[in-house]
Amino acid sequence: MEFANLGKHCTEMTCRQKDFLPFTCKFCLKIFCLDHRDPTSHECDKSNKGDIRIFKCPMCLQTVKFDSGIMTEDEFFSIH
């Protein structure tokens, strides 16, 4: 076969479909097919990282960066 080396298999264990246009998850960097490309569809354990928000602290009025992958909002403001 001429095309045996083309494409990649979906890393979702219940799928393993060979896809000629595979997608790479930007969080876990694994390869997925069209059906499993979304982080929620392959239950990506690293997808909550990157949920970065900017807040204005009500106490000091400084702008602060918050990453929900590291701690909760309450924990963040208690140490700020």
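**Cysteines, a histidine and a ring**

Colleague: Which residues does Cys33 touch, not counting residues up to four places away in sequence?

Modeller: This is a predicted model. Cys33 counts as buried, because its relative accessibility is 1% and the limit for buried is under 20%. Leaving out residues up to four places away in sequence, Cys33 touches Cys10, Cys15, Gln17, Asp19 and Phe23.

Colleague: How many disulfides does the structure hold?

Modeller: A disulfide needs two cysteine sulfur atoms within 2.5 Å. For Cys33 the closest cysteine sulfur is in Cys10, at 3.8 Å, so that pair is too far apart for a bond. Cys57 is in no disulfide either, with the sulfur of Cys60, the nearest, 3.6 Å away. For the structure, the number of disulfides is zero.

Colleague: Which residues make up the largest nonpolar core?

Modeller: Such a core is a set of buried residues joined through side-chain atoms within 4.5 Å. The largest one has six residues, namely Cys10, Cys25, Cys28, Phe32, Cys33 and Cys44.

Colleague: Is His42 buried or exposed?

Modeller: His42 lies in the loop between β4 (31–32) and β5 (52–56). Its contacts, not counting residues up to four places away in sequence, are Glu12, Cys25, Cys28, Phe32, His36 and Arg37. Since its relative accessible area is 8% and the cut-off is under 20%, His42 is buried.

Colleague: What separates the C-alpha atoms of Ile31 and Cys10?

Modeller: Ile31 is part of strand β4. Not counting residues up to four places away in sequence, Ile31 touches several residues, including His9, Cys10 and Thr11. Along the chain Ile31 and Cys10 are 21 residues apart, while their C-alpha atoms are separated by 5.7 Å.

Colleague: How does Phe27 count by its relative accessibility?

Modeller: Phe27 is placed in the loop between β3 (23–24) and β4. The relative accessibility of Phe27 is 26%, which lies between the limits of 20% and 50%, so Phe27 counts as partly exposed.

Colleague: The charged end of which residue sits over the ring of Phe23?

Modeller: A search of the whole structure for aromatic pairs finds zero. The ring of Phe23 does have a charge over it, 5.0 Å from the ring centre, and that charged end belongs to Arg37.

Colleague: Which element of the chain has the highest mean pLDDT?

Modeller: The chain as a whole has a mean pLDDT of 84, and 91% of its residues reach 70 or more. Among the elements, helix α1 (residues 73–79) has the lowest mean, 77, and the highest, 97, belongs to β4.

Key. Residues numbered from 1 in each chain as written. Predicted model: local features only at pLDDT ≥ 70, side-chain atom pairs only at ≥ 80, totals over all residues. Heavy atoms only, no water. Helix = DSSP H or I, 4+ residues; strand = E, 2+ residues; numbered from the N terminus. Buried < 20%, exposed > 50% of the residue type's maximum accessible area, 1.4 Å probe, protein only. Contact = heavy atoms within 4.5 Å. pLDDT = per-residue confidence, 0-100. Phe/Tyr/Trp six-rings, centres within 6.5 Å; stacked < 30°, edge-to-face > 60°. Lys NZ or Arg CZ within 6 Å of the ring centre and 35° of its normal.
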